[in-house]
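This report walks through one protein structure.

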Amino acid sequence: MNTVIEQFSRIGIVPVIAIDDAEKAVPLAKALVAGGLPAAEVTFRTAAGEEAIRRIATEVPDMLVGAGTVLTTDQADRAIAAGAQFIVSPGFNPAVTRYVIDKGVPMMPGTATPGEMEQAMSMGLDVVKFFPAEQNGGVAKLKALAGPYTTLRWMPTGGVNTKNLMDYLSFDKIVACGGTWMVKKDLIEGERWDEITRICREAVQTMLGFELKHVGINCADEAEAEKTAKTFCALFGLEYKPGNSSVFAGSAVECMKSPYLGKYGHIAIGTNSVDRAMYHLGLQGVTFNESTRKTDGKGKTKAIYLDGEVGGFAVHLVQK
């Protein structure tokens, strides 16, 4: 996988920025990074776009910055020279698309029809922008297109917001979503950096969807695990569910037949994407016990433990 596309996939949301004052580019980029979204597509719709890219690329190295609304080869050259790490266009222009590809820079042309998507695929692209997403049928259209185009993936932009974000990201053919709701013009002009950071954090939490799945109790042996589980079942009317290494009382309490990670046991936190959760927790300095990683048939992580303990409990991420 292309490293830029891989980074998009981990981040999950790519803010799309139209900025009128390049002086605001760096504090804006820092606000996005602080909010957990270290990526930005800076559009060439404004005169400040090129200089904004240059300043972000120079002064905010943690930010994956690219250029959007690139309509000509001249704009592509200027964007790349300014430090753009990827190029995005609103539509599919074969000449511009081929030009950027030949430059060795990741290119995501905008597509809305099967014909445009096939042309992009003929150039060797397997990820394209879907724009404007909502006006062109949204995720339902992409699910229909996934049948004949089994190797193609998309980055929807246009009409994506916190309300429909997970409708898109829950479809595994979508790499990431582009959005503007966290970088509205009034927020940038008013230099409301803390508010932008807050909205970004809210978007990340919506995307990850953390929730408590169950608590695991370390028992000395199988007999103690069975007794503990049956006690919970009797007290609260839960279903008794015996397993190979543990016994569940309902879905909330897991009684381990022998002690495992954690002094007292473990806490399982469900998430919409374990891999994205690992990336975003990693931004906070969290590390993981790689020996506990479990993957599915597609190589995606479905469960892993964090390093260390919290309150005597190991913490376990699990795929919802």
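Ala, Val, Leu, Ile, Met, Phe, Trp, Tyr, Cys and Pro count here as nonpolar; Asp, Glu, Lys and Arg count as charged; the others, Gly among them, count as polar. On that basis, the lining of the second largest pocket divides into six nonpolar, six polar and two charged residues. The model shown is predicted.

Start with the largest pocket. Its volume is about 740 Å³. It is lined by 26 residues, and Ser9, Ser273, Asp275, Arg276 and Lys300 are the closest to its centre. The lining holds 10 nonpolar, six polar and 10 charged residues. Three helices, α1 (3-11), α8 (165-169) and α12 (274-282), each supply at least two residues of this lining. Which helix gives the most? That is α12, with five residues.

The second largest pocket has about 340 Å³ of space. Of its 14 lining residues, Glu254, His266, Lys294, Tyr305 and His316 are the closest to the centre. Strands contribute here: β12 (246-249), β13 (253-256), β15 (288-295), β16 (301-306) and β17 (313-319) each supply at least two lining residues.

| Largest pocket | about 740 Å³ | 26 residues | 10 nonpolar, six polar, 10 charged |

## A sheet of three strands

Next comes a sheet. Three strands form it in the order β6-β7-β8; the sheet is open and the pairing is parallel. Strands β6 (110-111) and β8 (153-156) stand at the edges with a single partner strand each, so one side of each has no neighbour in the sheet. Strand β7 (residues 127-130) pairs with β8 in the parallel sense over four bridges. Val127 stands opposite Arg153 of β8.

## Cysteines

How many disulfides does a search of the whole structure find? The count is zero. Cys200 is in no disulfide, and the nearest cysteine sulfur, that of Cys177, is 14 Å away. Cys200 is also buried, because its relative accessible area of 0% is under the 20% cut-off.

## Two residues in their surroundings

Phe248 has its place in strand β12, one of the strands that supply the lining of the second largest pocket. Is Phe248 buried, partly exposed or exposed? Its relative accessible area is 22%, so Phe248 is partly exposed. Residues up to four places away in sequence aside, Phe248 touches His214, Glu239, Tyr240, Lys241, Val253 and Glu254. Phe248 and His214 are 34 residues apart in sequence, yet 9.3 Å apart in space, C-alpha to C-alpha.

Thr197 lies in helix α10 (residues 193-208). With a relative accessible area of 9%, Thr197 is buried. Which residues is Thr197 in contact with, leaving aside its neighbours within four places in sequence? They are Ala31, Ala34 and Gly35.

Key
Residues are numbered from 1 along each chain as its sequence is written. This is a predicted model: local features need pLDDT of at least 70, side-chain atom pairs count only at pLDDT 80 or more; totals for chains, interfaces and linings use all residues. Side-chain values use heavy atoms; hydrogens and water are left out. On a 1 Å grid over the protein atoms alone, a cavity is a set of points where a 1.4 Å probe fits but cannot get out, and a pocket is an open set with protein on both sides within 12 Å along at least five of seven lines; lining residues have an atom within 4 Å of a point. Grid points are joined across faces, edges and corners, and a volume is the space filled by probe spheres set on the points. Two strands pair if DSSP finds at least two bridges between them. A disulfide is a pair of cysteine sulfur atoms within 2.5 Å. Buried means under 20% relative accessible area, exposed over 50%, partly exposed in between (1.4 Å probe, protein chains only). Contact means heavy atoms within 4.5 Å.
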